[in-house]
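Please look through the structure below with an eye to its charged pairs, its pockets and its backbone. The paragraphs that follow take these topics in turn.

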Amino acid sequence: MTDVPKSHPRYISLRTRDLIVDGIKKGITSEHGLIAHGRGEAFDYLIGEKTNDFAVKAIDVAASLLIKAKHPIISVNGNTAALIPKELIKLSKIIPAKLEVNIFHASKQRENNIKKHLIKNGAKEVLLPNKSYLKNIDSNRRFVNKNGIAESDVVFVPLEDGDRCEALRKRGKKVITVDLNPLSRTSQKANITIVDNIVRTMPLLIKKIDQYKKLNKNNPKKIIKNYNNKKILNEALKAIKKL
Ligand code: PTJ
């Protein structure tokens, strides 16, 4: 870990970088994850390194959709496993939803390391891709678990690549993503895009689901029906342009 005093103005950002670097050392995160993270940081800067209204609205709807889903699934890659392992597990317990490892840069070793890492952090069950696969996609991400992503109706898949998002949609699934870049293909193709840093989003999403479950008051159908992802993405772009 970098020796950074808490008073450093970029303390959180530097600590988050450390988690990614640590993920690589542990064999969880792909080296490409560093590049993806850097790209994310640039967009985070542009949205003010805070959770904006457009993200809060998307988190709200995502919480509703996850509660309402019959077979929700959380897809985990090398970056999210390194950044937010405990929160992924909390989310899976509170919804409840299964966890499935699904990575872009093929590596059986890394898949197993991510699974072990999640179990070490408290997960009871972690699915790995097996005999099922998605059509219309050539990357490693086409391989999915037949009891997980294959049979799911709602997929929570943060830091995704556009191809799989499109393939999941074609297979009739609802896709919720978290992506700091509102212009990415994933952001554009998902049903719900939370334009925010995953490290800020996760506690808010968990809290929202908890609130909705306790209050038993939300009307998922209405909330989801009134949601327009294109509008949310435009709000994010407007915020960036105003800088
Ligand atoms: O572990 P693997 O092999 O599955 O690889 C994972 C990465 C993330 C390397 C892989 O999926 C990839 O290359 O992703 P992309 O296509 O670079 O897309 C990642 C997206 O996530 C980009 O649009 C980034 O802006 C965004 N992003 C990066 N860090 C964060 C983020 N969004 C939210 N929070 C972040 N911390």
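Lys108 is exposed, with a relative accessible area of 57%, whereas Glu111 is buried, at 4%; here buried means under 20% relative accessible area, exposed over 50%, and partly exposed in between, with a 1.4 Å probe and protein chains only. These two residues form a salt bridge in which the closest N and O atoms are 2.9 Å apart, the term standing for a side-chain nitrogen of Lys or Arg within 4 Å of a carboxyl oxygen of Asp or Glu. Both residues belong to helix 6 (residues 108-120), where they are three residues apart, about one turn of the helix; helices (H or I, at least four residues) and strands (E, at least two) are DSSP runs, numbered from the N terminus.

This is a predicted model, in which local features need pLDDT of at least 70 and side-chain atom pairs count only at pLDDT 80 or more, while totals for chains, interfaces and linings use all residues. Residues are numbered from 1 along each chain as its sequence is written, and side-chain values use heavy atoms, with hydrogens and water left out.

Side chains of opposite charge can pair when their charged atoms come close. Asp18 counts as buried at 9% relative accessibility, and Arg15 counts as partly exposed at 24%.

Which side chain meets that of Asp163 in a salt bridge? The partner is Arg185, at 3.0 Å from N to O, and because Asp163 lies in helix 7 (residues 162-170) and Arg185 in helix 8, the pair ties together parts that are 22 residues apart in sequence. Asp163 is partly exposed, with a relative accessible area of 33%, and Arg185 counts as partly exposed too, at 44%. Salt bridges that share partners join Asp163, Glu166, Arg185 and Lys189 into one network.

The search for aromatic pairs across the whole structure finds zero, a pair being rings of Phe, Tyr and Trp (its six-membered ring) whose centres lie within 6.5 Å, with planes under 30 degrees apart counted as stacked, over 60 as edge-to-face and the rest as tilted. Lys208, however, lies over the face of Tyr212, at 5.3 Å from the ring centre; a charge sits over a ring if NZ of Lys or CZ of Arg is within 6 Å of the ring centre and within 35 degrees of the ring normal.

The largest pocket holds about 760 Å³ of space. On a 1 Å grid over the protein atoms alone, a pocket is an open set of points where a 1.4 Å probe fits, with protein on both sides within 12 Å along at least five of seven lines, and lining residues have an atom within 4 Å of a point; grid points are joined across faces, edges and corners, and a volume is the space filled by probe spheres set on the points. Of the 33 residues that line the largest pocket, Ala36, Arg39, Asn77, Leu159 and Glu160 are the closest to its centre. Helix 2 gives the most to this lining, with nine residues. By class, the lining of the largest pocket divides into ten nonpolar, 14 polar and nine charged residues, where Ala, Val, Leu, Ile, Met, Phe, Trp, Tyr, Cys and Pro count as nonpolar, Asp, Glu, Lys and Arg as charged, and the others, Gly among them, as polar. Leu159 has a positive phi of about 50 degrees although it is not a glycine, and it lies in the loop between strand 6 (154-156) and helix 7.

The second largest pocket has a volume of about 340 Å³. Among its 16 lining residues, Arg10, Ile12, Ser13, Asp44 and Glu49 lie nearest its centre, and helix 1 supplies the largest share of the lining, six residues. Glu49 has a phi near 50 degrees, a positive value in a residue other than glycine, and its place is in the loop between helix 2 and helix 3 (53-68).

A further backbone feature is the cis peptide bond that joins Ile95 and Pro96, with omega about -10 degrees. Pro96 is found in the loop between helix 5 (85-94) and strand 2 (98-101).
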